[in-house]
Amino acid sequence: MQLQLEGQAVAVFGAAKGIGRAIAEAFSAEGCRVRCFDRDPSPRPLHSGVSMTTGDVTSLAAVKAFAEDSGPVNHVVYSVGAGSGKFGFPFWNLDPADWPRVLEVNLIGAVNVAHAFAPRLASRGRGSLLFIVSVAGQTGSQTDPPYSAAKAGLINFMQCAAKDLAPHGVRANALSPGMVRTDLNQSVWAASQKGLPEAERQEYAAWAEAKIRKVSPLGRWQQPEEIASMAVFLASDRAGNITGQTINIDGGQVMHA
Ligand SMILES: NC(=O)c1ccc[n+]([C@@H]2O[C@H](COP(=O)([O-])OP(=O)(O)OC[C@H]3O[C@@H](n4cnc5c(N)ncnc54)[C@H](O)[C@@H]3O)[C@@H](O)[C@H]2O)c1
């Protein structure tokens, strides 16, 4: 399928590794100019043609400076995410003090990015915003309650942004992975094992396989590249009538009528 994205400019937040990195590289492979922003430098060199700025999305000033420095941008992707490092079940295993940082990184960071870029996209009269959310934000997942709540909030904010931006020819959508083998997924396992008696602890691979078999009809991991393929498609004119949607790439974990 010809997506005709050559020469377009894309900003990807949270692209040092994991899903964001795969998204940045997929846009680069389509011939886009890709500028990335992440708290950490990339552990491995990125595609040539992909540049990286280090900074924290919770700083509006840093995000605005990046937007100003980026010049005209066609598409913006927010793939930053982090959990609390603790495990729910029940939610009072966490302290209320565990919530603010998780909300800041997963939700307020995305709001900062939207504020920095939406007026620019709107004034150009075309383009797209994409937020990477999670099945946790649609199902009241008990694993990490502030993470689930932040993702639910982000889905709602995306819908609001989609309505505000539609008259300006700009689309906003969310992509929702289920389980992708990344550092973030591994941190969920690590949190789940804390405090368990020795006999009940599981290795990451065994824990993950059991969870996938339980929750996913297709019964397998999602790959970062599978999320990236949909991100690239959604940015293209082929998806020109899609806005305000949360698209699950989760092996069927979440199904809506
Ligand atoms: N891995 C999964 O199973 C899974 C499932 C559902 C949703 N997601 C979502 O997918 C997105 C990508 O997650 P991933 O699995 O690739 O995780 P990851 O940990 O591999 O990558 C997250 C990236 O965000 C960056 N980041 C974190 N805090 C930041 C901050 N304050 N400022 C700037 N950058 C920051 C990290 O440095 C990292 O490069 C996240 O939004 C996550 O919630 C992941």
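The model is predicted, so local features are reported at pLDDT of at least 70 and side-chain atom pairs at pLDDT 80 or more, while totals for chains, interfaces and linings use all residues. Residues are numbered from 1 along each chain as its sequence is written, and side-chain values use heavy atoms, with hydrogens and water left out.

Helices (H or I, at least four residues) and strands (E, at least two) are DSSP runs, numbered from the N terminus.

A polar backbone atom of Ile19 is 2.8 Å from an oxygen atom of the ligand. The side chain of Asp56 places an N or O atom 2.9 Å from a nitrogen atom of the ligand. For Asn185, a polar side-chain atom lies 3.3 Å from a ligand oxygen atom. Taken alone the ligand exposes 830 Å², and the protein buries 97% of that. These accessible areas come from the Shrake-Rupley method with a 1.4 Å probe; for residues, only the protein chains shown count as cover.

Buried means under 20% relative accessible area, exposed over 50%, and partly exposed in between (1.4 Å probe, protein chains only). Helix α7 (residues 204-215) has 12 residues and reaches 16 Å from its first C-alpha to its last, close to the 16 Å expected at 1.5 Å a residue; the expected span is 1.5 Å times one less than the number of residues. Tyr204, Trp207, Ala208 and Ile212 are buried in α7. Seen down the axis of α7, these buried residues fall within an arc of 125°, so they line one face of the helix. The arc is that of the directions from the helix axis to the C-beta atoms. Arg213 and Lys214, on the other side of α7, are exposed. Within this helix, Ala208 is buried with a relative accessible area of 0%. Ala208 and Val254 are 46 residues apart in sequence and 18 Å apart in space, C-alpha to C-alpha.

Helix α8 (residues 224-235) also has 12 residues, and its span of 17 Å from first C-alpha to last is close to the expected 16 Å. Its buried residues are Pro224, Ile227, Ala228, Ala231, Val232, Leu234 and Ala235. They cover an arc of only 160° around the axis, which puts them on the same side of α8.

Some backbone details are worth a look as well. The peptide bond from Phe89 to Pro90 is cis, with omega near -5°. Pro90 sits in the loop between β4 (75-78) and α3, and Phe89 has its place in that loop between β4 and α3 too. Phi of Phe89 is near 55°, a positive value in a residue other than glycine, and Phe89 is partly exposed, with a relative accessible area of 44%. Gln4 likewise has a positive phi, near 50°. Gln4 belongs to the segment before β1 (9-13) and counts as exposed at 59% relative accessibility.

Ile155 is in helix α5 and counts as buried at 10% relative accessibility. His47 lies in the loop between β2 (33-38) and β3 (50-54) and is partly exposed at 32% relative accessibility. His47 and Ser28 are 19 residues apart in sequence and 7.2 Å apart in space, C-alpha to C-alpha.

How values were computed:
Polar contact = N/O pair within 3.5 Å; in protein donor to acceptor, adjacent residues only side chain to side chain.
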